[in-house]
Amino acid sequence: PGRNGTFAYELALEWTGETNPYRGAYVMELPVTVALPAEFVFSGQKLAQGQLLEITVNYADSPEDILFEQSIYNKFKWYQEESGALTGYLPTNYNVKPGVYPIRYGVKSQGTEFTQEIEVTEYPYHIQYLTVDKKTEQETRNDAAYEEYNKYYIPVRNESAPTRYYKDSFLLPVKGRLTTEFGETRYVNDQPTSYRHLGLDIAAPEGTEVKASNRGKVVLARPLILTGNTVMIDHGEGLFSVYHHMLNLSVKNGEVVERGQKIGEVGSTGLSTGAHLHFMISYYSVNLEPGYFLVGQPIIYENYLEFIQ
């Protein structure tokens, strides 16, 4: 187990030899006491902007006994796994400045303290110039649209299930042509936007099936002026996947969906220039490069033919 304590193990023995003239069974119970020092495991020491760092602590008595100080993410929290281990996450993206970040960690009751340096490297995000029909822009980028977005969309990613809904890896929700990378700076009708592109834009024929990237609970399923028909899935432990601009919705709020289940169809609703899926993965509201969850690396113009078409 990933935690200290006294445990009862059971060893069941059974004799079923076909040629020997005996049969039988025996059950042995073994008490085992685990008393090991806490073990900290970091998923990496060097991250590009857009990656998620995972920290696992085995043999820790409680989150309150853990010393963990860092300056990458100010809402850090621990999750208790079934194994007894603790898991925590540090998200990075374009808002985290490149550099070396020291992490102080240890166990308070044991008086231990260590330092782990994490390097965040700069990612070369592109600049995109987008032309949107003036009427579409007026209808989708207005006070009513942002008021609705702030009311129904923004608060949803503030809460997540304390345990994971999923066990399998994430899958691509739709195949198609990559039209916008994660993190790009945008100019819409020659005017700079105040935000970066928050996910991947994948162009596909209207009506193409959109699949849930992994098992989770639907926490938002509704049409919005800005993002069109939108679905947001909570996968637990702060991880969300989000789907914009769909033609229609095939799931309802509160429904638990399975990996690969149809949740809608590709469309061009909301602020959109054509049929495509805007696909996002985030740790709470911190948007991440979806490629790391799908194929283990960023999905970009140079490699999308290999990964998503």
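Student: Which residues does Leu90 touch, not counting residues up to four places away in sequence?

Tutor: Happy to start there, keeping in mind that this is a predicted model. Leu90 is one of the residues that touch the most other members of the largest nonpolar core. With residues up to four places away in sequence left out, Leu90 touches Gln51, Leu52, Leu53, Ile55, Phe68, Gln70, Ile72, Tyr73, Phe76 and Ile103.

Student: Are the rings of Phe68 and Phe76 stacked or edge-to-face?

Tutor: Let's take the geometry in steps. The ring centres of Phe68 and Phe76 are 4.5 Å apart, with 25 degrees between the planes. Planes under 30 degrees apart count as stacked, so the pair of Phe68 and Phe76 is stacked.

Student: How many residues apart in sequence are the parts that the pair of Tyr79 and Tyr89 ties together?

Tutor: Tyr79 and Tyr89 form a tilted pair, 6.2 Å centre to centre with 55 degrees between the planes. Tyr79 lies in strand 7 (residues 78–80) and Tyr89 in strand 8 (residues 86–91), so the pair joins parts whose separation in sequence is 10 residues.

Student: Is Tyr79 buried or exposed?

Tutor: Buried means under 20% relative accessible area. Tyr79 therefore counts as buried, with a relative accessibility of 4%.

Technical notes: Residues are numbered from 1 along each chain as its sequence is written. This is a predicted model: local features need pLDDT of at least 70, side-chain atom pairs count only at pLDDT 80 or more; totals for chains, interfaces and linings use all residues. Side-chain values use heavy atoms; hydrogens and water are left out. Rings of Phe, Tyr and Trp (its six-membered ring) pair if their centres lie within 6.5 Å; planes under 30 degrees apart count as stacked, over 60 as edge-to-face and the rest as tilted. Helices (H or I, at least four residues) and strands (E, at least two) are DSSP runs, numbered from the N terminus. Buried means under 20% relative accessible area, exposed over 50%, partly exposed in between (1.4 Å probe, protein chains only). A nonpolar core is a set of buried Ala, Val, Leu, Ile, Met, Phe, Trp, Tyr and Cys residues joined through side-chain atoms within 4.5 Å. Contact means heavy atoms within 4.5 Å.
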